Amino acid sequence: MLKLLIDTCVWIDLAKDHHQHAILQALDHLVKEKKVVVLVPPVVRDEFERNKGNIIERNRLSLSAALKRAKEVLDRHGEATTKTQA
């Protein structure tokens, strides 16, 4: 079994970028299959807990910006008959 020790900075970077969530899902899958154990010292848990609100807000803003860009592309390049449905 592989043991991972990941510091706070890495956890926060993974959590705040929605593009990295696939990595977290893969890690979760490996943990559930008991192929990996993640070692999390109390100080890392405490630091993550303190930053959780900021992480959630960054995720919200990032996803909102991605949806706004998608809407702009649709408005610019989409067909008039299907824009409303999209």
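These notes walk through a predicted model of one protein chain, point by point.

1. **Ground rules.** Because this is a predicted model, local features need pLDDT of at least 70 and side-chain atom pairs count only at pLDDT 80 or more, while totals for chains, interfaces and linings use all residues. Residues are numbered from 1 along each chain as its sequence is written, and side-chain values use heavy atoms, with hydrogens and water left out.

2. **The overall layout.** The protein chain has four helices and two strands. Here helices (H or I, at least four residues) and strands (E, at least two) are DSSP runs, numbered from the N terminus. Along its principal axes, the C-alpha trace spans about 55 × 30 × 15 Å.

3. **Surface and contacts.** The accessible surface comes to about 6,800 Å², and 59% of it belongs to carbon and sulfur atoms. Such areas come from the Shrake-Rupley method with a 1.4 Å probe; for residues, only the protein chains shown count as cover. Of the 86 residues, 14% count as buried. Buried means under 20% relative accessible area, exposed means over 50%, and partly exposed lies in between (1.4 Å probe, protein chains only). For contacts (heavy atoms within 4.5 Å), residues 24 or more positions apart account for 67% of those with a separation of 6 or more.

4. **The inward side of α1.** Helix α1 covers residues 8-16. Which residues of α1 are buried? They are T8, W11, I12, L14 and A15. These residues cover an arc of only 165° around the axis, which puts them on the same side of α1. The arc is that of the directions from the helix axis to the C-beta atoms. What do they pack against? Their partners are α2 (21-32), β2 (36-39) and α3.

5. **The nonpolar core.** W11 turns up again in the largest nonpolar core, which has five residues in all: I6, W11, L27, V36 and V44. A nonpolar core is a set of buried Ala, Val, Leu, Ile, Met, Phe, Trp, Tyr and Cys residues joined through side-chain atoms within 4.5 Å. Leaving aside residues up to four places away in sequence, V36 touches M1, L2, L4, L27, L30 and V31.

6. **Salt bridges.** How many salt bridges does a search of the whole structure find? The count is six, a salt bridge being a side-chain nitrogen of Lys or Arg within 4 Å of a carboxyl oxygen of Asp or Glu. One of them joins D13 and K16, with the closest N and O atoms 3.4 Å apart. Both lie in α1, three residues apart, about one turn of the helix. D13 is partly exposed at 36% relative accessibility, and K16 is partly exposed at 27%.

7. **Another bridge within a helix.** E57 pairs with R60, their closest N and O atoms being 2.6 Å apart. Both belong to α3 (residues 42-77), again three residues apart. An α-helix has 3.6 residues a turn, so residues three or four places apart point the same way. E57 is partly exposed at 33%, as is R60 at 47%.
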